[in-house]
Amino acid sequence: MSLIERIQAYLETYYPQLMEMADEDGGHYFEHRCLFGHHPSLVAVTVDRKVQTITLQVMIGKYFDCHESELDVYRTVNELNKDYKFASFSEIDGALNLEYHLLVDSSGEEIPPIIEHLLLLTAAANDITGANVSFDFALDE
C-alpha cells in the first residue's frame, strides 16, 4: 500500500467527514465544510503531489467585517500569530486562515500525526470564534 493510500485510509478512519476533492496540482485534497459559531468554515488537508508535505488548514469565513480597516485586520492577524505560535494565521478575502505544515518522513514509513494537529487547529478556531465545535475524531481506535 502506497503512502498516499495509507494517508487516505488514516483520514477515512479518524475523520470520515473529510471528503476527497479534485486537486489541480496533482496532489490530494480533502475538505470538510462546517460552522464555527456563525462563520461558514472549511477544514482541509492537502497532501502535495510528491507526498513530502501535508498542509492542514482551517479557514473561518467572514471573520473580518468588510468595514474593518486593513490596519485593524493586520493587527488582529499579528496578535493571533503571537498568541498561537504553533500555526500560521493570515487573512484571505475577509476569512481568517489557520495553517500548519507537516513534513512527511522521507522513508515514507510513518504517517505524521495529522489528527492531533487538526485538534490543535480546531481548538484554536473554537477559542478565537467563541464557538464550541466538536469533531468526532476516533482517536481511541
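This report describes the helices, strands and selected side chains of a predicted model.

## Basis of the description

The model is predicted, and local features need pLDDT of at least 70, side-chain atom pairs count only at pLDDT 80 or more, and totals for chains, interfaces and linings use all residues. Residues are numbered from 1 along each chain as its sequence is written, and side-chain values use heavy atoms, with hydrogens and water left out.

Helices (H or I, at least four residues) and strands (E, at least two) are DSSP runs, numbered from the N terminus.

## Helix H1

Helix H1 covers residues 3–14, which makes 12 residues. From its first C-alpha to its last, H1 reaches 16 Å, close to the 16 Å expected at 1.5 Å a residue; the expected span is 1.5 Å times one less than the number of residues.

The buried residues of H1 are Leu3, Ile4, Ile7, Gln8, Tyr10, Leu11 and Tyr14. They lie on the same side of H1, because they cover an arc of only 160° around the axis. That arc is taken from the directions from the helix axis to the C-beta atoms. Buried means under 20% relative accessible area, exposed over 50%, and partly exposed in between (1.4 Å probe, protein chains only).

Contact here means heavy atoms within 4.5 Å.

## Glu31 in strand E2

Glu31 belongs to strand E2. Its relative accessible area is 10%, so Glu31 is buried. Not counting residues up to four places away in sequence, Glu31 touches Gln17, Leu18, Met19, Met21, Leu42, Val43 and Ala44.

The side chain of Glu31 is also joined to that of Arg33 by a polar contact of 3.2 Å. A polar contact is a pair of N or O atoms within 3.5 Å; within protein, one must be able to donate a hydrogen and the other to accept it, and residues adjacent in sequence count only if both atoms are side-chain atoms.

## Strand E4 and its partners

Strand E4 is mostly covered, with six of its eight residues buried. E4 pairs with E3 in the antiparallel sense over seven bridges, and Ser41 stands opposite Ile60 of E4. Two strands pair if DSSP finds at least two bridges between them. E3 and E4 form a hairpin with five residues between them, and Val51 in the turn has a positive phi of about 55°.

E4 also pairs with strand E6 (residues 95–103), in the antiparallel sense and over eight bridges. In this pairing Thr53 stands opposite Leu103 in E6.

## Tyr100 in strand E6

Tyr100 is placed in strand E6 and, at 22% relative accessibility, counts as partly exposed. Leaving aside neighbours within four places in sequence, Tyr100 is in contact with Ile54, Thr55, Leu56, Phe86, Ala87, His117 and Leu121. With His117 there is a polar contact between the side chains, at 3.5 Å.

Tyr100 and Met59 are 41 residues apart in sequence, and their C-alpha atoms are 12 Å apart in space.

## Aromatic pairs

Three aromatic pairs are found in a search of the whole structure. One of them joins Tyr63 and Phe64 in an edge-to-face arrangement, 5.0 Å centre to centre with 90° between the planes. Rings of Phe, Tyr and Trp (its six-membered ring) pair if their centres lie within 6.5 Å; planes under 30 degrees apart count as stacked, over 60 as edge-to-face and the rest as tilted. Tyr63 is partly exposed at 22% relative accessibility, whereas Phe64 is buried at 7%.

## Loop residues with positive phi

Lys62 is found in the loop between E4 and helix H2 (70–83). Its phi is near 50°, a positive value in a residue other than glycine, and at 68% relative accessibility Lys62 is exposed.

Asp93 lies in the loop between strand E5 (88–92) and E6. The phi of Asp93 is likewise positive, near 50°, and Asp93 is exposed at 79% relative accessibility.

## Helix H3

The 16 residues of H3 should span 22 Å at 1.5 Å a residue, and the end C-alpha atoms are 22 Å apart, which agrees. The buried residues of H3 include Ile114, Ile115, His117, Leu118 and Leu121; further along, Ala124, Ala125, Asn126, Ile128 and Thr129 are among them. H3 is followed by Gly130, which has a positive phi near 80°.
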